[in-house]
Amino acid sequence: MPKRTRAGALLAIAVTGLTAALAGPAAAAPKAPGFLAAADLPPHPSSSWTAGKVTAGVPEDTDGDTCLRALPGHESAWHRDFRTDLDTNARQITVVLPDTRAAKELTSWLNKDMKSCAARIEQQDPDTEATGKDYGKLAVEEGAHVYGVHTETSGGASDVRLLSVGRDGRTVTVVNWAQLGDFRGAPVKAFKKTTTAAVNKLH
């Protein structure tokens, strides 16, 4: 059996170090884009907003959301939930796509989802009356669009949502605001400011 020499041992250490250097550092976890803060949400008349942590992934309950069908399944995604002490809540979901082409495609699908959401709700649940509104585009980065959806069940439950989708490069973000009530209580002007802030904070 050959005797291990000091020179041989030093050579082995040098080769190991060179291999590690060529391999480079371990891949770091992708960094989350910038997110809204509680102060960026539309002011609530009687309760302050509380922001949750920025969490990796698309929330599981998004799978059943007919207004956001294009979101589930994306890997490089993060979300943040917001709440008040009363009946109002909000959520931001952001996805980083491989390139701008993929980001444009996701934005297009989300616009279609939001625009046709009310009609699909009525198709899926004949006991619910749904109305959708298109509040138009916003001139921020590569653009954003704001929508509204009001639903009322045969039992009298009434809910209103404001939704928006915006893009900056290959990053797409969605903001969702919801509360009990109808369009009369929806802070559309303030929500547009929230959407603009969401897109501006991405990078």
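View 1. By class, three nonpolar, five polar and four charged residues make up the lining of the second largest pocket. Here Ala, Val, Leu, Ile, Met, Phe, Trp, Tyr, Cys and Pro count as nonpolar, Asp, Glu, Lys and Arg as charged, and the others, Gly among them, as polar. A pocket is an open set of points on a 1 Å grid over the protein atoms alone where a 1.4 Å probe fits, with protein on both sides within 12 Å along at least five of seven lines; lining residues have an atom within 4 Å of a point. Among the lining residues are Lys-104, Thr-107, Asn-111 and His-145. This is a predicted model, where local features need pLDDT of at least 70 and side-chain atom pairs count only at pLDDT 80 or more, while totals for chains, interfaces and linings use all residues. Residues are numbered from 1 along each chain as its sequence is written, and side-chain values use heavy atoms, leaving out hydrogens and water.

**View 2. The largest pocket.** Look for its 17 lining residues, of which Asp-61, Asp-65, Arg-91, Arg-161 and Asn-176 lie nearest the centre. Seven of the lining residues are nonpolar, five polar and five charged.

View 3. Helix H2 (100–115) is a DSSP run (H or I, at least four residues), numbered from the N terminus. Its buried residues (under 20% relative accessible area, 1.4 Å probe, protein chains only) include Ala-103, Leu-106 and Leu-110. Seen down the axis of H2, the buried residues fall within an arc of 160° (taken from the directions from the axis to the C-beta atoms), so they line one face. On the other side, Arg-101 and Lys-115 are exposed, meaning over 50%.

Methods: Helices (H or I, at least four residues) and strands (E, at least two) are DSSP runs, numbered from the N terminus.
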